[in-house]
Amino acid sequence: MLPVTQALSGKAVLQGISPLGAKVGQAVFDARLSLTDDPLRVGRTASRPVDDECVPSRTMRLVERGVVQGFIYDLETAARARAESTGHGTRGIFGKPVPAYTNIVVSDAGAQHAASLQLGGGLLGEIRDGLLVDELIGVGQGNVIGGAFSHPVALAYRVDRGEVTGRVKDAAVAGNAYELWKRVAAFGTDARWTGSRWAPSVLFEGVSVVRR
């Protein structure tokens, strides 16, 4: 998700490095994928009524059923883009505000299934030969916004005919984030908060797995 969220920043669009910069209104991802930034979510530490530039916060739909809807802006990037701030100005300890997310919500558009605590969100039974990946090493390094990735797995399990058969070591996964989000096999029913992100398990087809 990191390449996608970076590409949906108005700052990346202004710099001309966002692959999604000219894609507003176009179906770029799997039709089931929706992506929202929700600064008004009750009970979350990243929630806020206004951003750090005193612009009122609002729920921002970034991707709706696979279609790019818009980008996040602070006051400066909005002025340069001849747009309006979306209330995403965030100030660090030093320097001026920059566009940044609050509560990212990744959802299966239109899904109406009950929540499940099953390992993998009930997706393991659909995997004949694959990996259940829990954690990667080195995420965020290299040309992230281009979408290409190749990361060793810190914690992953082999799945054989729907059953976990053991832990995987000395392996890496590779692919392109934009291409993978076009071919989602299924979303799990185990959506939960991890930090400031709400997301279910996701089954992707076509991820390359290599030995280190």
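Predicted model: local features only at pLDDT ≥ 70, side-chain atom pairs only at ≥ 80, totals over all residues.
Local features were taken at pLDDT of at least 70 and side-chain atom pairs at pLDDT 80 or more, while totals for chains, interfaces and linings use all residues. Residues are numbered from 1 along each chain as its sequence is written, and side-chain values use heavy atoms, with hydrogens and water left out.

Rings of Phe, Tyr and Trp (its six-membered ring) were paired if their centres lie within 6.5 Å, with planes under 30 degrees apart counted as stacked, over 60 as edge-to-face and the rest as tilted; by this rule there are two aromatic pairs. One of them joins W181 and F204 in an edge-to-face arrangement, with 5.0 Å from centre to centre and 90 degrees between the planes. This pair links distant parts of the chain, 23 residues apart, since W181 lies in the loop between α4 (177-180) and β11 (184-187) and F204 in strand β14 (residues 202-204); helices (H or I, at least four residues) and strands (E, at least two) are DSSP runs, numbered from the N terminus. With buried meaning under 20% relative accessible area, exposed over 50% and partly exposed in between (1.4 Å probe, protein chains only), W181 is buried at 6%, whereas F204 is partly exposed at 27%.

The charged end of R44 sits over the ring of W193, 4.3 Å from its centre (NZ of Lys or CZ of Arg within 6 Å of the ring centre and within 35 degrees of the ring normal).

In strand β1 (residues 33-37), T36 is buried, with a relative accessible area of 9%. Beyond its neighbours within four places in sequence, T36 is in contact (heavy atoms within 4.5 Å) with residues including T59, R61, N103 and V105.
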